[in-house]
Amino acid sequence: MNGRYPRLLIIAGSDSSGGAGIQADIKTATAFGVYSMTAITAVTAQDTTGIHAIHPVPDSVVRDQIACCLSDIGADAIKIGMLGTLETVAAVADILEEQALRIPLVLDPVLASTSGTALLAAEAVDAMTSRLFPLATLVTPNLPEAAQLAGMSLCDDEQIVHAAQRLRALGARAVLVKGGHASGDRVRDILVCGAGAEIFDDIRIEARSAHGTGCALATAIACGLACHSSLSDAIRHARRFVRAALESVPGMGHGNGPLNCMRGI
């Protein structure tokens with residue numbers, strides 16, 4: 001660290017409603033006492049009912065944002081969320097390979113929004129797995145993302161572990177498959193790393209709103225890594241944070257509203 005604050009570089013899209021994306025990431029990092037910098041990959045027009053427009057930021061601008069942050073302030077961890085286009089994936093990979101090979105990286109492989117809007121072009125998926133997975137300390141797909149990326153159905157823990165192993169074989173040091181999309185009264189997130197598999201299990205919260213859950217979890221884990229926590233401890237602390245944020249949602253909007261990422265930890 002730099003002697004004052006742990007530093008987190010967030011590479012993601014902007015959510016005009018403030019519930020997910022860069023805005024949720026900044027709130028989460030602030031709650032953890034982590035200084036956040038941003039490289040915005042896309043500007044979206046969205047509210048709690050869905051995404052109404054997406055405007056990609058030119059890939060050269062994305063690269064310049066990252067380069068400026070890393071060369072001046074530096075970073076203790078990096079979190080990647082929405083990337084959007086093949087050109088953006090390539091630009092992000094290029095600059096991280098040049099300047100950030102030793103910085104812990106949490107990659108949330110955002111493929112689509114909860115409402116079904118595609119957030120990563122189909123032609124960019126292979127580029128993300130081939131170029132960014134090898135740079136990642138942790139990849140955090142939800143169940144549908146893990147199934148799509150691994151090319152298999154996920155019906156039980158054994159299949160989830162197998163899918164995570166497939167994704168880890170693409171170069172990521174660890175994979176956390178998030179179980180929030182599964183049915184049942186418990187939520188099980190499964191971590192697969194060099195030490196084997198670890199299951200994180202809690203009673204499901206029937207929250208009124210859950211917009212930004214994946215963003216907040218990945219960012220909270222990255223904050224833990226920026227503070228030099230172990231991966232398991234960072235995940236455990238991040239899950240507690242998201243759980244508390246779900247338990248205290250503010251009930252904003254007419255659709256799937258935001259978490260309470262400002263509640264503190």
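**A charged corner and beyond**

Tutor: Let's start with Asp94, which is partly exposed, with a relative accessible area of 30%. Keep in mind that this is a predicted model. Why call Asp94 partly exposed? Because buried means under 20% and exposed means over 50%, and the 30% of Asp94 falls in between.

Now look at the partner of Asp94. Its side chain forms a salt bridge with Arg131, and the closest N and O atoms are 2.8 Å apart. That pair ties together distant parts of the chain: Asp94 sits in helix H3, residues 86-99, while Arg131 sits in helix H4, residues 125-132, and 37 residues separate the two. As a rule, side chains of opposite charge can pair when their charged atoms come close.

Arg131 has another partner as well. Glu97 forms a salt bridge with Arg131, with the closest N and O atoms 2.9 Å apart. Here too distant parts of the chain are linked, with Glu97 in helix H3 and Arg131 in helix H4, 34 residues apart.

Zooming out, the structure holds 14 salt bridges. One of them joins Arg236 and Glu198, at 2.9 Å from N to O. Arg236 belongs to helix H8, residues 231-247, and Glu198 to strand E9, residues 196-203, so this pair links parts of the chain that are distant, 38 residues apart. Arg236 counts as partly exposed at 32% relative accessibility, and Glu198 is partly exposed at 26%. There is also a network of salt bridges that links Asp157, Arg186, Arg188 and Asp201.

Helix H8 and strand E9 turn up again in the largest pocket. About 1,200 Å³ of space lies in that pocket. Its lining has 47 residues, and His181, Ala210, Gly212, Thr213 and Gly214 lie nearest the centre. Among the elements that each supply at least two residues of the lining are E9, H8, E2 and helix H7, residues 213-226.

The structure holds one cavity of 30 Å³ or more, and about 50 Å³ of space lies in the largest cavity. Its lining is made of Ile78, Leu96, Ala100, Leu101, Ile103, Leu105 and Leu135.

Is Lys79 buried or exposed? Lys79 is buried, because its relative accessible area is 0%. Its place is in strand E4, residues 77-80. Leaving aside its neighbours within four places in sequence, Lys79 is in contact with residues including Leu8, Ile10, Asp25, Asp108, Cys215 and Thr219.

For a contrast, turn to Tyr35 in strand E2, residues 35-47. Tyr35 counts as partly exposed, at 38% relative accessibility. Together with Tyr5 and Ile73, Tyr35 forms a nonpolar patch on the surface, with about 300 Å² of accessible area in total.

Note on methods
Residues numbered from 1 in each chain as written. Predicted model: local features only at pLDDT ≥ 70, side-chain atom pairs only at ≥ 80, totals over all residues. Heavy atoms only, no water. Helix = DSSP H or I, 4+ residues; strand = E, 2+ residues; numbered from the N terminus. Buried < 20%, exposed > 50% of the residue type's maximum accessible area, 1.4 Å probe, protein only. Contact = heavy atoms within 4.5 Å. Patch = residues over 30% accessible without salt bridge, like charges linked within 9 Å, V, L, I, M, F, W, Y side chains within 5 Å. Areas by Shrake-Rupley, 256 points an atom, 1.4 Å probe, with all protein chains shown as cover. Salt bridge = Lys/Arg side-chain N within 4 Å of Asp/Glu carboxyl O. 1 Å grid on protein atoms, 1.4 Å probe; cavity = no way out; pocket = protein on both sides within 12 Å on 5 of 7 lines; lining within 4 Å. Points joined across faces, edges and corners; volume = space filled by probe spheres on them.
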